[in-house]
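The stops below are meant to be selected one after another.

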Amino acid sequence: MKEIVLAGGCFWGVEEYFSRIDGVIETKVGYANGNTENPTYEEVCTNTTGHAEACHVKYDETVLPLEELLNRFWRIIDPTLLNRQGPDIGSQYRTGIFYMDEDDLPIIMKTYEEQKIKYDKPIVTEVEPLKVFYEAEEYHQKYLKKNPYGYCHIDLNA
(Lines give C-alpha, C1' and ligand atoms only; values in the text may rest on other atoms or scores of the structure.)
Protein backbone atom coordinates (compact mmCIF):
# COMPACT_ATOMS: atom_id res chain seq x y z
CA MET A 1 0.00 0.00 0.00
CA LYS A 2 1.09 3.54 -0.75
CA GLU A 3 0.32 6.68 1.25
CA ILE A 4 0.07 10.39 0.56
CA VAL A 5 -1.41 13.39 2.36
CA LEU A 6 -3.55 15.85 0.40
CA ALA A 7 -4.78 19.27 1.51
CA GLY A 8 -7.68 20.73 -0.43
CA GLY A 9 -9.57 23.06 1.84
CA CYS A 10 -11.98 21.68 4.42
CA PHE A 11 -10.85 18.14 5.11
CA TRP A 12 -14.36 16.72 5.45
CA GLY A 13 -15.06 16.91 1.72
CA VAL A 14 -11.59 15.78 0.68
CA GLU A 15 -11.92 12.69 2.85
CA GLU A 16 -15.41 11.85 1.64
CA TYR A 17 -14.40 12.32 -1.99
CA PHE A 18 -11.39 10.01 -1.76
CA SER A 19 -13.19 7.42 0.37
CA ARG A 20 -15.50 6.78 -2.61
CA ILE A 21 -12.70 5.98 -5.10
CA ASP A 22 -11.91 2.38 -5.96
CA GLY A 23 -8.40 1.57 -4.80
CA VAL A 24 -8.48 3.84 -1.75
CA ILE A 25 -8.04 1.57 1.26
CA GLU A 26 -8.25 4.06 4.11
CA THR A 27 -8.66 7.78 4.75
CA LYS A 28 -8.22 9.86 7.88
CA VAL A 29 -8.26 13.59 8.40
CA GLY A 30 -5.77 15.61 10.33
CA TYR A 31 -3.36 18.49 10.47
CA ALA A 32 -0.25 18.51 8.29
CA ASN A 33 3.10 20.29 8.05
CA GLY A 34 2.63 22.82 10.81
CA ASN A 35 4.68 23.79 13.83
CA THR A 36 2.40 23.10 16.80
CA GLU A 37 2.62 19.62 18.30
CA ASN A 38 -0.68 17.75 18.66
CA PRO A 39 -2.85 20.74 17.71
CA THR A 40 -6.57 20.85 18.34
CA TYR A 41 -9.06 21.91 15.71
CA GLU A 42 -9.63 25.13 17.62
CA GLU A 43 -5.89 25.89 17.58
CA VAL A 44 -5.60 25.16 13.86
CA CYS A 45 -8.48 27.57 13.21
CA THR A 46 -6.49 30.42 14.81
CA ASN A 47 -4.11 30.55 11.80
CA THR A 48 -1.12 30.32 14.16
CA THR A 49 -0.14 26.63 14.03
CA GLY A 50 1.06 26.48 10.42
CA HIS A 51 -0.98 23.32 9.86
CA ALA A 52 -3.17 22.59 6.85
CA GLU A 53 -6.37 20.60 7.17
CA ALA A 54 -5.45 17.48 5.24
CA CYS A 55 -6.47 13.94 4.37
CA HIS A 56 -4.13 10.99 4.73
CA VAL A 57 -4.90 8.57 1.91
CA LYS A 58 -3.74 4.96 1.89
CA TYR A 59 -4.25 3.39 -1.53
CA ASP A 60 -3.47 0.32 -3.61
CA GLU A 61 -1.34 1.55 -6.49
CA THR A 62 -2.13 -1.56 -8.55
CA VAL A 63 -5.78 -0.44 -8.61
CA LEU A 64 -5.29 3.33 -8.37
CA PRO A 65 -1.96 4.61 -9.73
CA LEU A 66 -0.63 7.79 -8.12
CA GLU A 67 -1.08 9.81 -11.32
CA GLU A 68 -4.78 8.94 -11.46
CA LEU A 69 -5.21 9.71 -7.75
CA LEU A 70 -3.56 13.11 -8.23
CA ASN A 71 -5.57 13.91 -11.35
CA ARG A 72 -8.69 13.35 -9.27
CA PHE A 73 -7.29 15.63 -6.56
CA TRP A 74 -6.64 18.44 -9.05
CA ARG A 75 -10.30 18.19 -10.17
CA ILE A 76 -11.67 19.14 -6.75
CA ILE A 77 -9.47 22.13 -5.92
CA ASP A 78 -8.69 25.52 -7.37
CA PRO A 79 -4.89 25.40 -7.19
CA THR A 80 -4.59 29.14 -7.85
CA LEU A 81 -6.26 30.22 -4.61
CA LEU A 82 -3.91 31.01 -1.73
CA ASN A 83 -5.11 30.01 1.74
CA ARG A 84 -8.68 29.30 0.74
CA GLN A 85 -11.03 26.95 -1.06
CA GLY A 86 -14.66 27.74 -1.63
CA PRO A 87 -15.90 29.97 1.19
CA ASP A 88 -13.26 28.66 3.62
CA ILE A 89 -10.50 31.20 4.22
CA GLY A 90 -7.33 30.82 6.25
CA SER A 91 -3.92 29.21 5.97
CA GLN A 92 -5.37 25.92 7.24
CA TYR A 93 -7.38 25.73 4.00
CA ARG A 94 -4.38 25.97 1.68
CA THR A 95 -3.86 23.26 -0.91
CA GLY A 96 -0.96 20.86 -0.77
CA ILE A 97 0.48 17.55 -1.79
CA PHE A 98 2.60 16.18 1.03
CA TYR A 99 4.47 13.07 -0.01
CA MET A 100 6.17 10.36 2.04
CA ASP A 101 8.04 8.62 -0.76
CA GLU A 102 10.64 10.66 -2.65
CA ASP A 103 10.07 8.35 -5.64
CA ASP A 104 6.58 9.87 -5.99
CA LEU A 105 7.95 13.34 -6.72
CA PRO A 106 8.40 12.94 -10.52
CA ILE A 107 4.75 11.88 -10.91
CA ILE A 108 3.57 14.66 -8.59
CA MET A 109 5.52 17.25 -10.58
CA LYS A 110 4.26 15.85 -13.89
CA THR A 111 0.66 16.43 -12.80
CA TYR A 112 1.60 19.83 -11.34
CA GLU A 113 3.11 20.94 -14.67
CA GLU A 114 0.01 19.71 -16.51
CA GLN A 115 -2.13 21.91 -14.25
CA LYS A 116 -0.04 25.02 -14.92
CA ILE A 117 -1.19 25.16 -18.55
CA LYS A 118 -4.86 25.07 -17.52
CA TYR A 119 -4.78 28.34 -15.58
CA ASP A 120 -3.90 31.95 -16.30
CA LYS A 121 -2.83 32.50 -12.68
CA PRO A 122 0.08 30.76 -10.94
CA ILE A 123 -0.44 27.48 -9.12
CA VAL A 124 0.03 27.95 -5.36
CA THR A 125 -0.52 24.35 -4.26
CA GLU A 126 2.36 23.30 -2.03
CA VAL A 127 4.38 20.24 -2.98
CA GLU A 128 6.52 19.18 -0.05
CA PRO A 129 7.65 16.12 1.85
CA LEU A 130 5.30 15.31 4.72
CA LYS A 131 6.96 16.70 7.84
CA VAL A 132 4.24 15.86 10.32
CA PHE A 133 0.63 14.68 10.40
CA TYR A 134 -1.55 14.69 13.50
CA GLU A 135 -4.90 12.92 13.34
CA ALA A 136 -7.85 15.22 13.89
CA GLU A 137 -10.33 14.63 16.65
CA GLU A 138 -12.64 11.63 16.29
CA TYR A 139 -15.71 13.75 15.52
CA HIS A 140 -13.97 14.98 12.34
CA GLN A 141 -13.22 11.46 11.06
CA LYS A 142 -15.72 10.37 8.38
CA TYR A 143 -17.67 13.52 9.24
CA LEU A 144 -19.82 13.59 6.10
CA LYS A 145 -20.69 9.91 6.48
CA LYS A 146 -21.90 10.66 10.03
CA ASN A 147 -23.50 13.97 8.96
CA PRO A 148 -24.65 13.50 5.35
CA TYR A 149 -26.19 16.96 5.23
CA GLY A 150 -23.04 18.65 6.49
CA TYR A 151 -21.46 21.42 4.45
CA CYS A 152 -19.03 20.49 1.69
CA HIS A 153 -17.66 22.83 -1.00
CA ILE A 154 -16.32 19.91 -3.06
CA ASP A 155 -18.20 18.30 -5.92
CA LEU A 156 -18.16 14.74 -4.60
CA ASN A 157 -18.94 13.43 -8.09
CA ALA A 158 -15.98 15.14 -9.82
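Predicted model: local features only at pLDDT ≥ 70, side-chain atom pairs only at ≥ 80, totals over all residues.

Residues are numbered from 1 along each chain as its sequence is written, and side-chain values use heavy atoms, with hydrogens and water left out.

**Stop 1: the nonpolar cores**

Select Ile4, Leu6, Phe18, Val57, Leu69, Leu70 and Ile97, the residues with the most contacts inside the largest nonpolar core, which has 24 residues. A nonpolar core is a set of buried Ala, Val, Leu, Ile, Met, Phe, Trp, Tyr and Cys residues joined through side-chain atoms within 4.5 Å. Buried means under 20% relative accessible area, exposed over 50%, and partly exposed in between (1.4 Å probe, protein chains only). At least two residues of this core come from each of strand E1 (2–8), helix H1 (11–19), strand E3 (52–59), helix H3 (66–76), strand E6 (95–99) and helix H4 (105–116). Helices (H or I, at least four residues) and strands (E, at least two) are DSSP runs, numbered from the N terminus. H3 gives the largest share of the core, six residues. A second, separate core of 11 residues includes Trp12, Tyr41, Tyr143 and Leu144. In soluble globular proteins, nonpolar side chains tend to be buried together.

**Stop 2: helices H3 and H4**

Next, show H3 and H4. At what angle do their axes cross? The angle is roughly 35 degrees, and the axes come within 10 Å. Axes are lines fitted to C-alpha atoms, for helices over the stretch in contact, and angles run from 0 to 180 degrees between N-to-C directions. To see the contact (heavy atoms within 4.5 Å), select Leu66, Glu67, Leu70, Asn71 and Trp74 in H3, which meet residues of H4 including Ile107, Ile108 and Tyr112.

**Stop 3: helix H1**

Now select H1. Eight of its nine residues are buried, so H1 is largely enclosed by the rest of the structure. The buried residues of H1 pack against E1, strand E2 (24–32), helix H2 (41–44), E3, H3 and H5. Glutamate 16 lies in this helix and counts as buried because its relative accessibility is 7%. Beyond its neighbours within four places in sequence, glutamate 16 is in contact with Leu144, Lys145 and Leu156.

**Stop 4**

Move to the loop between strand E8 (133–135) and helix H5 (143–146), where histidine 140 lies. Is histidine 140 buried or exposed? Histidine 140 counts as buried, because its relative accessibility is 0%. Its side chain is joined to that of tyrosine 139 by a polar contact of 3.2 Å. A polar contact is a pair of N or O atoms within 3.5 Å; within protein, one must be able to donate a hydrogen and the other to accept it, and residues adjacent in sequence count only if both atoms are side-chain atoms. Lysine 142 is in the loop between E8 and H5 and is partly exposed, with a relative accessible area of 32%. Although lysine 142 is not a glycine, its phi is positive, about 55 degrees.

**Stop 5: tyrosine 59**

Finally, select tyrosine 59 in strand E3. Tyrosine 59 counts as buried, at 0% relative accessibility. Not counting residues up to four places away in sequence, tyrosine 59 touches residues including Met1, Ile4, Val24, Leu69 and Asp104.
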